[in-house]
Amino acid sequence: LWMNDYDMNGSFEKILTQTINRKDVTVFLKHDVEDQLPSLKKQNLKHESFAVKAIQDLFPPDLLKSSVVNTFNYQSSIIAWNDGNMHFTVEKMPAQVQFSSANVILCTDINKDGKEDIVIGGNEFGFPPQFGRLDASYGSVLLNRGHKQFKLLDYDQSGLELTGQVRDIKEIKTVAKRSLLFLRNSDYPVLYEIKPSKK
């Protein structure tokens with residue numbers, strides 16, 4: 001992510017690039033970048049030419065040298081274990097969780113064994129068309145086995161079959177039962193009853 005006042009109008013612009021063949025090319029399409037930076041239209045680049053231009057080809061070296069550059073190179077959903085003294089051990093969540101975004105996480109004792117389990121809701125549809133949608137999550141349940149070990153339940157075990165973009169999870173407790181309410185963007189909420197675990 002490159003940040004600077006690239007068109008010298010007094011406000012910072014942000015340009016997202018990805019490294020391809022050792023070149024930092026823009027992630028967004030030509031018209032998207034030119035809408036943000038109309039000054040680039042003066043270069044009269046065709047779409048084909050723009051697609052292979054590195055950011056170093058679009059702006060002068062002194063402007064790039066004064067840019068703030070943040071690098072994003074880790075995209076997995078994780079558990080970060082606090083080891084104390086400002087040190088964390090990072091552990092990737094199972095592959096099924098990585099299929100989509102993890103928008104919301106609820107920690108609660110699902111099977112009443114005294115250990116907090118993890119319930120995850122995901123999916124994101126709001127990307128530009130060229131990026132597609134993150135829609136491969138039906139929700140995930142990870143049972144806490146202790147000693148920093150979690151077991152991912154298969155969908156037929158968890159019973160979750162969520163679609164849409166999950167934005168929040170709330171646990172609802174009554175005298176008779178416990179339920180999980182999943183709130184979805186632009187869609188009806190879904191209520192799942194937590195059944196007692198089979199011994």
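Gln18 counts as partly exposed because its relative accessibility is 40%, a value that falls between the limits of under 20% for buried and over 50% for exposed. In this predicted model, Gln18 belongs to strand S3, and, leaving aside residues up to four places away in sequence, Gln18 touches Lys23, Asp24, Val25 and Val27.

Leu16 lies in the loop that runs between strand S2 (13–15) and strand S3 (17–20). Leu16 has a relative accessibility of 38% and therefore counts as partly exposed.

Turning to the chain as a whole, its secondary structure consists of 6 helices and 14 strands. The radius of gyration of the chain is 23 Å, whereas a compact globule of 199 residues would have one near 16 Å, and the C-alpha trace spans about 70 × 45 × 30 Å along its principal axes. Of the 199 residues in the chain, 36% are buried, and the chain exposes about 13,200 Å², of which carbon and sulfur atoms supply 53%. Among contacts in the chain with a separation of 6 or more, 39% are accounted for by residues 24 or more positions apart.

Conventions:
Residues are numbered from 1 along each chain as its sequence is written. This is a predicted model: local features need pLDDT of at least 70, side-chain atom pairs count only at pLDDT 80 or more; totals for chains, interfaces and linings use all residues. Side-chain values use heavy atoms; hydrogens and water are left out. Helices (H or I, at least four residues) and strands (E, at least two) are DSSP runs, numbered from the N terminus. Buried means under 20% relative accessible area, exposed over 50%, partly exposed in between (1.4 Å probe, protein chains only). The radius of gyration is taken over C-alpha atoms; the globule rule is 2.2 Å times the number of residues to the power 0.38. Contact means heavy atoms within 4.5 Å. Accessible areas come from the Shrake-Rupley method with a 1.4 Å probe; for residues, only the protein chains shown count as cover.
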